[in-house]
Amino acid sequence: MSAFASIANGGTLSCAKLPRLEVGAFRAAVLAEIALGSRLSALFACPGKDGGFLLIAVLAQDSRSRLAVTTCAVHDRYPALTPECPQAQGFERELAEQWGIHPEGHPWLKPLRFQPARAGVIQSERPDIGVSPFFSMHGEEIHEVSVGPVHAGIIEPGHFRFQCHGETVYHLEISLGYQHRGVERALIGGPHPRTIHYMETLAGDTTIGHATAYSRVCESLMRARLPARAQGLRGIAQELERLANHIGDLGALAGDVGFLPTMSYCGRIRGDALNMTATLCGNRMGRGFVRPGGCGADIDHAEVEDLLRRLEALRKDVDSAATLLFEAPSARARFDGTGAITADICRDLGLVGVAARACGVARDARSDFPYDIFQFAQIPVCTWTSGDVFGRAFVRGLEISQSIAFVREQLAALPEGDVWRAPTVALLSPDTLAVALVEGWRGEILHAALTGPDGRFACYKVVDPSFHNWQGLAYAMRNQQISDFPVCNKSFNLSYCGHDL
Amino acid sequence: MIDILQTRLQQKYRTMSWPDGPTPPLPAQFAGRPCMDAAKCNSCGACEKACPVGAAQIVEGRPTLDTGRCLFCRACEKACARGALKFTKEFRMAAAQRGDLTVSQAQQAFPAAQVEKARQYFGRSLKLRQVSAGGCNACEADTNVLGTVGWDLGRFGIQFVASPRHADGLLITGPVSVNMRHALEKTYAAVSSPKIVIACGSCAIAGGPYAGHPEVCGGAMSVVPVDLFIPGCPPHPLTILDGLLRFVGRISEG
């Protein structure tokens, strides 16, 4: 029997068909597969009845467009993957914190979210939030800078601990968990009436991305097929979300280097993109738009024409604002060479999305694991090579152009018909694993659900792209000036709440 | 330099004239303040069952909706077979009293938001420190947008500042996660009196979708006194701005 079961993006697997290896074989198989170039998209535990856990690994084989899944049974410890596979570091810290499963030999076993244990860990052992054994440096002229949880701007909370010598940052450690709301715990036993609302708000600026991943999980488990019009509209909503956030990020990056023209223009133009999403469903973030079975709202012909006009106006405005930024020597002097990471580091850390593409690592779930409308309409993958702040900004600029073209094309070709189809079955498929990947605007989103015999979620794993990428920001700050931290941070623009769940 | 000037000409002056001019357009499907028609209600309770957060309730045979809890998902409106409950385009939803957020047949007009203390001390200059305490970044984004040139919050003397020591009050988003409780308490204590607190969004008012979770405190009121409540998930920037301006008496309630 093969060590892995292979499924497609949006595929399902009956639990009976899941490979169950013993720990040593599991570890060897996962590490070997990663050495061949696969990525660790998820590593999580599902509690069993006997007090033990099923450890599940989902590996993404980008070149084959397949997901390789394997499992093993663990009780309270197993030899960690992290020493040989840094991509696993966050997942293994999560296993320790959530379930009390100790990854032996993990070099960085610090709290991840400071969350209440789901099982296993005695409450008295839980440290206070922010109390973490940060690495520290000693010596003359060494100083430590501590930022957060409350930050100076209108932004979510997180803690950054810098070890500095003069202006130079030797090491940045990021300690999160401030936004933890108990999402994954609350999903167990669902779907409940609140489930879709958790999905829409777990990372509130990625409402469409996460709602799409969740809807696809449900659609897979109900063998539902989307109406064609829903495919088109969902794709439009997803790309509008990407547009709004990328435009906002270019404005914020400009602001962080004091380049006020583009900051002002993009700050406003972002609202134009959000208002286009609001035309689809009444809500600027897209709440209520994506639902299992299709879409929760629709637009008429006049609204389609109006959106096309507004899209063209947006295209012109963004083009001039972005060009101004990318050609300003003062802005380029701050962006070029700042916070650079190499493609090798990117692969080692398992970075995804814009941060990876800026290093030349062409990872994009829309093209590697085409789903829904992206099976019919391919958006070219946008990459750069420098891996610096400029690269991450420029990739956003390129993606803005591509997304505008896609939205225009889809609006002009929207099929007629229903936007939602009622499920033909009453329950989700029981004792089944379903995995869905979506290319959110930050990067790869993964949702994995395991149903029980009653067709309800026994286990639900959400991996926001930020979960992979926070370590990339910490790495990018090494040997940078501390005054470049805001622009580096903005160039990643990761989700605190998407990480903390 | 020439290209910067040319771009400025092309981008044009975009600050809206509201409140001195027309209201900016709201989306066609915008869900604003609900309105009730008690005569149509037969107390079937479909709205209660449909509501994911317990905002819709039948009280003494009449439909009510607590806009503070409400996610504006319209599940209740869709569930009501008799059309007793409908969401209107009324964007003025902010209230100074928590109880005024509940809409019923008897209480249909938009609630009062002006607070005399706010008008007296901060009517011409209000500096706010934003604290995201478990917020999902949507309320934060639609608050941030008020600083952009279209809305231009600064023209009203309202500004977000970098430190609670520079602030007249807090604008809180998020259900107040347990992990943010201490930071919020310290930030509130760091603001000098007299001070005000604004709870922006369903999470900050009553916990939003996370109401009842042991990982959250259940809204800003569980930690600090609150002077203004702005409903929504997220509230539209116009709802936030209208709330702030009525709060400090910059625009009248009428």
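A: In this predicted model, chain A contains 16 helices and 17 strands. Its radius of gyration is 22 Å, which agrees with the value near 23 Å that a compact globule of 501 residues would have. The C-alpha trace of chain A extends over about 70 × 60 × 40 Å along its principal axes. Of the 501 residues in chain A, 59% are buried. Among the contacts in chain A with a separation of 6 or more, 67% join residues 24 or more positions apart.

Two domains are assigned in chain A: domain 1 covers 5-112 and domain 2 covers 183-500. Their C-alpha centres lie 26 Å apart. Where these domains of chain A meet, 24 residues of domain 1 are in contact with 28 residues of domain 2. On the domain 1 side, at least two residues each are supplied by β2 (12-14), β4 (39-47), β6 (66-74) and α2 (89-99) of chain A. The largest share of that side comes from β4(A), with 6 residues. By residue class, the side of domain 1 of chain A that touches domain 2 of chain A comprises 12 nonpolar, 10 polar and 2 charged residues.

A single residue of chain A, L351(A), may be considered next. L351(A) lies in the loop between α10 (343-349) and α11 (353-357) of chain A. L351(A) is classed as buried because 33 other C-beta atoms lie within 10 Å, the threshold being 20 or more. Once neighbours within four places in sequence are set aside, the contacts of L351(A) are C346(A), A356(A), H468(A), N469(A) and G472(A). By contrast, K49(A) stands 302 residues away from L351(A) along the chain, and the C-alpha atoms of these two residues are separated by 35 Å.

Strands of a sheet pair through backbone hydrogen bonds, in either a parallel or an antiparallel sense. In chain B, an open sheet of 3 strands runs in the order β2-β3-β5, and its pairing is antiparallel. The edge strands, each pairing on one side only, are β2 (56-59) and β5 (102-103) of chain B. The antiparallel pairing of β2(B) with strand β3 (residues 62-66) of chain B extends over 4 bridges. I58(B) is placed opposite P63(B), a residue in β3(B).

Terms used: Residues numbered from 1 in each chain as written. Chains lettered and ligands numbered in written order. Predicted model: local features only at pLDDT ≥ 70, side-chain atom pairs only at ≥ 80, totals over all residues. Rg over C-alpha atoms; globule rule 2.2 N^0.38 Å. Buried ≥ 20, exposed ≤ 12 C-beta atoms within 10 Å, placed from the backbone. Contact = placed C-beta atoms within 7 Å. Domains from an automatic or database assignment. Nonpolar A, V, L, I, M, F, W, Y, C, P; charged D, E, K, R; others polar. Pairing = 2+ DSSP bridges.
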